[in-house]
Amino acid sequence: MQHEITKHKPLLNADGSLSEPGYAKGPLLAYDRSAIRASALRIKEWDYYLVANDRFALALTIADNGYMGLDSISLLQFERPFQHTKSPMRLLPLGRTGLPPSSEKGDVSVRGKGYALGFAHMGTTRRLTARMDDFYQGKFIEADITLYDHAGDSMVIATPFDGHPHAFYYNQKINCLPAEGTVRFDGRVLRFDPADSFAVLDWGRGVWTYRNTWYWGSASGLLEGEPFGFNIGYGFGDTSAASENMLFYRHRAHKLSQVTFHIPQKDGQDDFLSPWHFDSDDGRFIMDFQPILDRAAYTSALLIASDQHQVFGRFTGKAVLDDGTVLHVRDFLGFAEKVANRW
């Protein structure tokens, strides 16, 4: 049985511990950075947007990880597979990035040598802007995207870390945001049309332990003309109160139990570009996954390291709503990732 949070309250108790572990369908717990009882070096805050259709995708990140800020632009093309990411870092931002305490309002922008990113709330829309002069082989990239908020559900989870009373992860995923706008790169203009282009927001705030490996998957699009998407994942903190696994259909949430990622193996190693399989212990999420490309990145600097594999591809299988309705999914674009961090 998973615990659902249903009332507004502060995220943290006076001693800095998590007030109510569990999941919600909206941001009911109020995040207050000043209530955290941990070193500012350990606080991690980020906004990550992925905007995608069947042909291409753009990912934008603004992150403040205490000792290091990370500003990232990724461009992915699926018909002729191509991917490139560039992620300038900032030293010791310690919260000065100014990421807002809520996903529902507040703006954030960053600027560095040869680049700028901004995420702005415009009432019922969000505007994402990005530019980087030397993105790939001396070529610039520029993006201006509008996302249209919906009044539906999202996935929210408040997760403690066993044995670390001041550590927590507060996360919201908003799927199926219609997207409109352009990306200019290499003499081309890539256009997002809200008829077939959708975004997901990964809004994260917390105090993490040093060593973690997480698994995350997400997809947003239209299924027989209706908005459909899902969020699946595990591997961070103590998720005994609730998982982050959730279906979205017509912008309404349908809670899943535990989902397992079956990543193929070759010579004792993860074989990310071979077909994957996913299943849930409640039988409500069974998917095969055919990879297209692996957005892989590895960084290591003394005590800090990150090994990321965000694999984009197509899901085929079934998803079962709360009322037992079976949705049949075929070649549905999304991604699944495995990320191991020492941070």
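This is a predicted model: local features need pLDDT of at least 70, side-chain atom pairs count only at pLDDT 80 or more; totals for chains, interfaces and linings use all residues.
Local features require pLDDT of at least 70 and side-chain atom pairs pLDDT 80 or more, whereas totals for chains, interfaces and linings use all residues. Residues are numbered from 1 along each chain as its sequence is written, and side-chain values use heavy atoms, without hydrogens and water.

Ser 72 is part of strand E6 (residues 68-77); strands are DSSP runs of at least two residues, numbered from the N terminus. Ser 72 counts as buried because its relative accessibility is 7%, the cut-off being under 20% with a 1.4 Å probe and protein chains only. Its contacts (heavy atoms within 4.5 Å), leaving out residues up to four places away in sequence, include Ala 59, Leu 60, Thr 85 and Leu 117. Ser 87 also touches Ser 72, and the two side chains form a polar contact at 2.8 Å (a pair of N or O atoms within 3.5 Å, one able to donate a hydrogen and the other to accept it).

Pockets were located on a 1 Å grid over the protein atoms alone, as open sets with protein on both sides within 12 Å along at least five of seven lines; lining residues have an atom within 4 Å of a point. The largest pocket holds about 930 Å³ of space. It is lined by 42 residues, with Asn 65, Leu 70, Ser 306, Gln 308 and Asn 341 closest to its centre. Strand E25 (residues 285-301) supplies the largest share of this lining, 6 residues.

The second largest pocket has a volume of about 310 Å³. Among its 21 lining residues, Ala 52, Asn 53, Ser 220, Gly 221 and Leu 333 lie nearest the centre.

Definitions and conventions: Helices (H or I, at least four residues) and strands (E, at least two) are DSSP runs, numbered from the N terminus. Buried means under 20% relative accessible area, exposed over 50%, partly exposed in between (1.4 Å probe, protein chains only). On a 1 Å grid over the protein atoms alone, a cavity is a set of points where a 1.4 Å probe fits but cannot get out, and a pocket is an open set with protein on both sides within 12 Å along at least five of seven lines; lining residues have an atom within 4 Å of a point. Grid points are joined across faces, edges and corners, and a volume is the space filled by probe spheres set on the points.
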